[in-house]
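Open the model in your viewer and keep the selection tool at hand. The stops below follow one another.

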Amino acid sequence: MASNASALLICGLLAGLVVAAAAFPALAVAGLTAKTSADGFKNLPAVLQEPPTPETSWVYTKDGKLITSFFDESRKQIPLDEIAPVMIDAIIAAEDNRFYEHNGVDLFGVIRAAAANQSSDGVEQGASTLTMQYVRQALVYNAKTNIEVLEATEDTPERKIREMRYAVSVEKELSKDEILERYLNLVYLGNQSYGIYAAANAYFNTTPDELTLPQAALLAALPKAPGTIDPTLENDEAQTNAVARRNYVLDQMVRTGAITAAEATEAKDTELGLDVQAAPNKCVSVPADKLDWGFFCDYFTQWWAGNEALGGTPEDRMAMLNRGGYTIVTSLESDLQAKAQNHVTSRVDKDSTWAMGTVTLDPTTGHIRAMALNRDYKLDQKDNGPSTNPRFRANDVKGSYPNTTLPLLSGAPLGSEAGAGFQVGSTFKMFTMVAALEEGIPLNLTLRNKSPYPSKEYYAGSTPSPASCGRMKDGLYVWCPGNDSPSYQDVTANMWNAFGRSINTYFVQLIEMVGAEKVVAMAERLGIEWRNYVDRDYSEPGCQEHPDLPEDEWPCLEPDRWGSLTLGVADSTALDMAEAYGTVASGGIHCNPLPVVSITTSTGEAVDAAQPDCERVLSKAVADAAADAMRCPVGQQSHYGKCNTGTFSQANSIVGRPIAGKTGTTDHSQASWFVASAPNATTAGFIGDPDYRKSEVPGYMHNLPHEAASYTLRDALKGMDTVDFKKPDEAMANGKNLVQVPAMDCVSPEEAESRLQNAGLVPNRVEGERSKCAKGEVYGTSPSGSLPKGSTVDYLVSTGKERDDRVPATGTTPPWGPQTPPDGELPIADLPPNCQRWMC
């Protein structure tokens, strides 16, 4: 037996020498110090010269609180001087106790391993130095193909020889400390932890510079077999293996002289002392008590993926976020976010089917300061309440409350119904007003308002609806919108009061003057994105591609036919509306929404993508004029003293600062909106049912988003300078090159046209209604008062003397019956009361 053992030992030694000689035929005697076949450090693969190891990106609130992190591999690069010396001693003792004595390859270790492996008839020792291990890990982590991974890990002499050659060249260029630093930042230590920083936090909730001897010994035990030694695994074998391997490392540290035997014994007697921390990854890992942060985080990822400054494609950009090791300070203010969240959830709790939320931003930079929603950002929705959609509810489909990841505040790409936002109602009147002001129409434009108002330009479709009141000669139905409260809104009004009272018929007449296509363009300029296919189809001329329809059925809607846009039939989000209103309130400079304050690379370099992206999109004169009218709905006074009422005057007393804004309610109360803005802060709020858009918001809930948004804006303005709005110039308020619209006192159409032309105005005949004048005589104009020279003025032709019968309200049966005559039209002379040139 002795002779056999001796023979095996001799064979092992010879085998070791053969391996060493094969690897380094010219260096075996010289101690592996001469030039190797790798021809030096410069000829090494780039990953060994400057290894681009994946690192974790960390995302913080503006005041330094961790929101989450993004990683493919949880890792943070740190310098060697931030790692406890006991950790360095432990890893050397465990993996390479001759580290400071060899030049990348331990010849004696090779011989020893060969002998051990020969005697055991298998692989017991690998003889890999820390430098060789670093080489292998760098090649594996940066492999781009399965073949490259195989070449870096396969158990062959060729792979070992390659590692040895690379290791010797690495040691020629890098110091021992540099190699240790790279190794400790690269090595996988189990529990999703790559590198010593991630492992110290994952296992012990500490940092590498604070590691104790028992902790360091356990971490040094893990590289050998992280899958079976990991003490966080829920099995006894892993726990036993972890303790045994830790104790082995402690014994090795005694042999290297790093610690005494007494210190080793004391360390062995300690418990593992785990304080396991799961590394947060992506938005579903925001702090458990801050689940509302997830919605801001979700928008941040949308912004990052869409920012061309951060990579060539969305996939490239997200890969960089998950691997780039960025430190990202966002614009989210944790204190304001907490207050905004309370203002929302104290009014509508998270278990409500009604979703209510607010977005607050700084319009001068675009920085998003808070995003509050009465929902928790969570993937687990098994305990959610039932959907309010009757069809889904019948199939036991869950609703989106209280847990959801739907982007209800910021919206989703085109075609995602859940992320399309809600119809915004009368808040959209602002875009018509701004477009009109830009066309030179002054705030003092005075229009008569009666409802229903048969539109002179826009139709209601090819089938009857509650919004239609008769058929035109071409078979299309007349669009006849009305005012919600005729006693309050059927008045003659200028733009200040029409906006303050939210008079539908005024803004229908205004979009007729301006043209819907200009309102579409204005909305886009101020930041509105079209988030459903109908809105997209109307907003772009021509036929638009639709993924659910064959090409011959693609819709061919046109912007210039979209008159109902002025009343807010388009879907939008709180973020878009805050962006748009903030642009006007801050003087006409539009800033793209920005969720970050700074982005820093792992090497400390600032990334330009964090800079505000702002440009002037409105003249200051137009913005100042629009903001002046926007003072009326919130209970404040315009600079010209023209506000006499508002739809949410309470905002004035709640905020206590100069503000502008607008309320909005959709048809059938399917959503309620409020946007309020100071020149330096804007908040938009809404309420609606995301699971079933036909749900009607109860009347007592209509003002809840108004209140939540107002109180949030108040809090957002605390500590900030008070900034007032500027007085509009005289031309924007009252017009320039003004002429007086002549009065019409039962004159002939020819006389009416002559009077208007002599005044420098363009006449347009409109068949009106019964009046004090005889049939065929002109009884009035629209608009009236003073107008810029060259303006178009409708002169109204009477259909006959007034009588008692009047057109019933929209939706009731008219006295002439529910159906049009068999031929599908009525002659103009037989039109019923309150009609213009088409049936009502």
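**Stop 1: a helix pair**

Select helix 5 (residues 130-141) and helix 7 (residues 157-173): they pack at an angle of about 110°, and their axes are 8 Å apart. Keep in mind that this is a predicted model. At that angle, helix 5 is roughly perpendicular to helix 7, because angles of 65 to 115 degrees count as such.

Now show the side chains at the contact. From helix 5, pick Thr131, Met132, Tyr134, Val135, Arg136 and Leu139. From helix 7, pick Arg159, Lys160, Glu163, Met164, Tyr166, Ala167, Val170 and Glu171. Colour them by class: the contact of helix 5 with helix 7 has 8 nonpolar, 1 polar and 5 charged residues.

**Stop 2: helix 3**

Move to helix 3 (85-95). How many of its 11 residues are buried? The count is 9, so helix 3 is mostly covered, buried being under 20% relative accessible area. Select Val86, Met87, Ile88, Ala90, Ile91, Ile92, Ala93, Ala94 and Glu95; these are the buried residues of helix 3. Glu95 is one of them.

What do these residues pack against? Helix 5, from the previous stop, is one partner. Helix 8, helix 9, helix 10 and helix 12 (236-256) are also packed against by the buried residues of helix 3.

**Stop 3: helix 9**

Take helix 9 (residues 196-204) next. Helix 9 is mostly covered too, with 7 of its 9 residues buried. Highlight Ile196, Ala198, Ala199, Ala200, Ala202, Tyr203 and Phe204, the buried residues of helix 9. They pack against helix 3, helix 8 (176-186) and helix 10 (213-221). Step past the end of helix 9 to Asn205: its phi is positive, near 55°.

**Stop 4: Ser710**

Jump to helix 27 (residues 704-717) and centre on Ser710. Is Ser710 buried or exposed? Its relative accessibility is 0%, so Ser710 counts as buried. Show what surrounds it. Leaving aside neighbours within four places in sequence, Ser710 is in contact with Phe648, Ala651, Ile654, Val655 and Phe674.

**Stop 5: the second largest pocket**

Finish at the second largest pocket, with a volume of about 1,200 Å³. To find it, select Ala467, Trp479, Leu567, Val569 and Asp667, which lie nearest its centre among the 40 lining residues. Strand 9 (459-461) and helix 23 (533-539) are the elements that give two or more residues to this lining. Then colour the lining of the second largest pocket by class: 16 residues are nonpolar, 20 polar and 4 charged.

Definitions and conventions:
Residues are numbered from 1 along each chain as its sequence is written. This is a predicted model: local features need pLDDT of at least 70, side-chain atom pairs count only at pLDDT 80 or more; totals for chains, interfaces and linings use all residues. Side-chain values use heavy atoms; hydrogens and water are left out. On a 1 Å grid over the protein atoms alone, a cavity is a set of points where a 1.4 Å probe fits but cannot get out, and a pocket is an open set with protein on both sides within 12 Å along at least five of seven lines; lining residues have an atom within 4 Å of a point. Grid points are joined across faces, edges and corners, and a volume is the space filled by probe spheres set on the points. Helices (H or I, at least four residues) and strands (E, at least two) are DSSP runs, numbered from the N terminus. Ala, Val, Leu, Ile, Met, Phe, Trp, Tyr, Cys and Pro count as nonpolar, Asp, Glu, Lys and Arg as charged, and the others, Gly among them, as polar. Axes are lines fitted to C-alpha atoms, for helices over the stretch in contact, and angles run from 0 to 180 degrees between N-to-C directions. Angles under 35 degrees count as roughly parallel, over 145 as roughly antiparallel, 65 to 115 as roughly perpendicular and the rest as oblique. Contact means heavy atoms within 4.5 Å. Buried means under 20% relative accessible area, exposed over 50%, partly exposed in between (1.4 Å probe, protein chains only).
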